[in-house]
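Here is a friendly walk through one protein model. Please have a look at the sequence and the fold before reading on.

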Amino acid sequence: MDAIPYEENSFYIFDRAYNDFGRLFTINSVGAYFVVRGKKNNDFRPMRWKRRLPSGVLSDAIGYMDGQLTMSKYPEKIRRIIYLDSESDRKFTDNTIYHKLLSDKLSADLGYVYENVIAQMLKAAGHELYYYTFPTESGKHNYEVDFLIAEADKASPIEVKSSGYKAHVSLDAFCRKFSARIKNKYLIYTKDMRKEEDVLYLPVYMTMFL
């Protein structure tokens with residue numbers, strides 16, 4: 001691992017033998033990304049969970065390493081994914097993802113992929129990443145705003161679509177609830193830029209200008 005010249009915004013994939021959190025933190029520190037097969041004895045303290053998960057993913061959480069040694073080596077937030085291998089009915093932590101990713105057999109939820117792309121673009125533009133969920137009127141489901149960014153002294157919600165689909169129920173509900181605090185309303189999707197009423201529709205590539 002020490003011999004690799006890590007580059008910003010690049011991805012590095014390691015086997016389970018490379019659970020060296022000091023060196024993994026070096027990768028994170030240069031603005032690069034890594035995927036490593038997790039070990040069962042890695043203590044992890046989740047802080048935030050992804051709500052909408054693709055097929056086979058049981059948990060997608062961001063948190064901190066909770067062991068005294070691992071936390072000292074990797075003091076910042078880290079993401080952990082738990083995946084169920086349907087072929088053997090076994091749970092893995094980043095483990096089958098590693099193999100399926102290399103063999104191009106990992107099933108993809110495009111909404112999930114697009115949200116991660118937008119997250120990287122917003123982060124690269126200097127934004128902190130926040131999201132917001134709250135129950136619907138019936139209490140049986142949740143509204144979910146994919147991202148919130150600060151603009152001046154107000155917040156601008158962002159909803160992400162992996163297609164040209166233009167419905168934005170969660171976005172509308174959020175803006176009704178916090179109407180006095182809203183600066184702009186964005187929907188990022190795969191079609192052309194347009195504005196309808198107070199919603200600005202942006203193609204994915206224009207995220208960098210927010």
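What follows covers confidence, then a sheet with its helix, then one serine.

This is a predicted model, in which local features need a pLDDT of at least 70 and side-chain atom pairs count only at 80 or more, while totals for chains, interfaces and linings use all residues. Residues are numbered from 1 along each chain as its sequence is written, and side-chain values use heavy atoms, leaving out hydrogens and water.

The chain averages a pLDDT (the predictor's confidence in each residue, from 0 to 100) of 81, and 84% of the residues score at least 70.

| Element | Residues | Mean pLDDT |
|---|---|---|
| α3, lowest | 95-102 | 52 |
| β10, highest | 185-189 | 94 |

Where pLDDT is low, the predicted coordinates should not be read in detail.

Six strands form an open sheet in the order β7-β8-β9-β10-β12-β11, with mixed pairing (at least two DSSP bridges between two strands). β7 and β11 each have a single partner strand, so one side of each lacks a neighbour in the sheet. β7 and β8 pair in the antiparallel sense over five bridges, and Phe134 stands opposite Tyr143 in β8.

Helix α5 lies across β7, β8, β9, β10 and β12. Its buried residues (under 20% relative accessible area, 1.4 Å probe, protein chains only) are Ser170, Leu171, Ala173, Phe174 and Cys175.

Ser10, in the segment before β1, is buried too, at 19%. Ser10 touches (heavy atoms within 4.5 Å) Ala32 and Tyr33, not counting residues up to four places away in sequence.

Conventions: Helices (H or I, at least four residues) and strands (E, at least two) are DSSP runs, numbered from the N terminus. Buried means under 20% relative accessible area, exposed over 50%, partly exposed in between (1.4 Å probe, protein chains only). Axes are lines fitted to C-alpha atoms, for helices over the stretch in contact, and angles run from 0 to 180 degrees between N-to-C directions.
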